[in-house]
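Dear colleague,

Please find the structure below. My notes on it follow directly after.

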Protein chains: 2
Amino acid sequence: MSNKVANRRIVLAERPRYIIPTANVFRMTEATMPEARAGQVLIRTTWLGVDSYLYSRLQRDSQFAVPVNIGDVMVGATVGRVEVSNHPDYKAGDIVHGFWGWQDYTVSDGSDIEKVDPEIPRATYMLGALGIPGLGAYAVINELVRVQAGETLAVGNALGGIGQIVSQLAKLKGARVLAAASTTEKCRYAKEHWGVDVCIDRSAKDFLPNAQTEFAKAGVDCYVMLAGGRVLDMALPYFRANARIAVCGMMSTYGLSSLPPGGDRTVLLMTEIMRRRLQIRGLVSTDYVGTPLAAQFRKEMKEYILSGKIKPLEHIVKGLEQAPETMQGLFEGRNFGKAVIHVAD
Amino acid sequence: MSNKVANRRIVLAERPRYIIPTANVFRMTEATMPEARAGQVLIRTTWLGVDSYLYSRLQRDSQFAVPVNIGDVMVGATVGRVEVSNHPDYKAGDIVHGFWGWQDYTVSDGSDIEKVDPEIPRATYMLGALGIPGLGAYAVINELVRVQAGETLAVGNALGGIGQIVSQLAKLKGARVLAAASTTEKCRYAKEHWGVDVCIDRSAKDFLPNAQTEFAKAGVDCYVMLAGGRVLDMALPYFRANARIAVCGMMSTYGLSSLPPGGDRTVLLMTEIMRRRLQIRGLVSTDYVGTPLAAQFRKEMKEYILSGKIKPLEHIVKGLEQAPETMQGLFEGRNFGKAVIHVAD
């Protein structure tokens, strides 16, 4: 590699001031190509994942995750190809997975990367179904809500990185899945390809009454919160006793600068928690990295994918420079599946 | 017994319209003395327990507990003495425990009563420390929040039926206990007799900033919600990661007819649930009756009481007719300990 090739990097230019992290909080810069020293590898980024949960890292106040500093490379899951290896365990051409963020190249001493299992049909699955979003979905199903056959599980964002795996795992457990998605096409996809029983179109004018009707029909045993509070609030009267709620995302409210108007509904929520013996738990997917659950997840999810029981859906966007716009698109419901950026072949 | 002795009964006269169940929702009536037929016993009520959770039974809409009908005897835990026995397992003079409610006499076929263990120092403990409130507290500590030595547990209503047992059990587990009570005297009692580490006086003008200071000092690992949402809201920024919250009571909001003003804080709560990986669970103490946990509770709590490790505090009021006023008093913080009514010797 020549030093004349620049390393393009997308850095945080300013902290987001709106609910949606508009693309212009990021800036493209060029840095000198990094060099692989003794014991290091140089990696060419080929794919990166864009995930809504990363939005929390853009905020100054992030007590439970390290915030990205202004001027630093945006964080995120990545897949790449080893270009130069000065490390005994790697050779040029190896496909690796890591978290080196939104840039064309990186160097690693091997401690923060892993080789991608060649049996996996697409290396990009390490960014979704077999990566952090899949791990989060697996923890939701097996640890947080523990859905049983015959129960009804409600989940928002049926096509998102977590939502699509939650929906499919719940079907494999024998549950009835009641999902929501932002367009009719997405709903159709979830029903046709994953067997989702009911999918409610968020863009429909009568979305809320429709959702209410569906909640009322079967009751809700498990609720996976990905989008925000409005639907939860409405689902409250339909929760069965001992229902389990996993709070995994607050997309519609991540950057909220003031409280929604009207009275404080916390008191209603608390009353229902008590009366219905609800169990609510918060989830941060990355907590499970390196746990026994993660090992079990890798093994089981790989089998599901190879056997066709889980069918990941990817929304592929070409070009590193498209990452900021794709991030914004997540919050606007523009992606049709787990968003991944194709950086290079 | 002569049929000329009337059975005084306190019945529900109307459904409560205010946050506090004012004494006048009840009415004293007189009924003919019941008679013990073959296989039955006639019981003279000697003690009854007054518990705030019974307030939910006064409301028309009670999806998860049977509402008391207008004109029906008010429900509640009771202790009494067998006066006449036509049942092979009971004899006159036996002290029994049941749930026959606010009345002087009742008959039973034995299926809904049990003999009080004569080793228990006071039969009234069956209404508190060894009854439903104690069972709820035991479930909170051992099932819901699972407090560990060295952790900080925050609990409201330190002297109430559940609160006093939660506080003492938490101390036995080696936790630091941060309590609240409605007067300085109550706080002094909790610290002197039960070793509660910090007790914040709810009547103090600077209660909220005081509570905040105490939360900030140690952080909160476990939170037992008995009174209402105002303090929870304030505790949110001080919850440690993976903190456990048990929702066991909403005294300040049971009969709320409109939402507290200001914006909807549910979104803040949900965000903190996710960021801090909080676990929130609702508890209804009676759910545990007849479970293996209840058997373990009875055994363990009896040992604690006999050895002096748990010191129950009772607020004794004399006279069946005082039950409604005592119920109202619970919501006004007038009782100094678990409220029990002495109906007859």
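How do the residues of the lining of the largest cavity divide into nonpolar, polar and charged? They divide into four nonpolar, four polar and two charged; here Ala, Val, Leu, Ile, Met, Phe, Trp, Tyr, Cys and Pro count as nonpolar, Asp, Glu, Lys and Arg as charged, and the others, Gly among them, as polar.

This is a predicted model, in which local features need pLDDT of at least 70 and side-chain atom pairs count only at pLDDT 80 or more, while totals for chains, interfaces and linings use all residues. Residues are numbered from 1 along each chain as its sequence is written, chains are lettered from A and ligands numbered from 1 in the order in which they are written, and side-chain values use heavy atoms, with hydrogens and water left out.

Chain B can be laid on chain A by a turn of 180 degrees and a shift of 0.0 Å along the axis, with an RMSD of 0.0 Å (superposed by least squares on the C-alpha atoms of residues with pLDDT of at least 70 in both). The two copies are therefore related as by a two-fold rotation axis. In chain B, the C-alpha of B:Asp264 is the nearest to the axis, 2.0 Å from it.

Two cavities of 30 Å³ or more were found in the whole structure. The largest cavity holds about 50 Å³ of space, and its lining includes B:Thr124, B:Tyr125 and B:Lys338. The second largest cavity holds about 30 Å³, with A:Gly128, A:Glu314 and A:Lys338 among its lining residues. (A cavity is a set of points on a 1 Å grid over the protein atoms alone where a 1.4 Å probe fits but cannot get out, and lining residues have an atom within 4 Å of a point; grid points are joined across faces, edges and corners, and a volume is the space filled by probe spheres set on the points.)

With kind regards

Methods. 1 Å grid on protein atoms, 1.4 Å probe; cavity = no way out; pocket = protein on both sides within 12 Å on 5 of 7 lines; lining within 4 Å.
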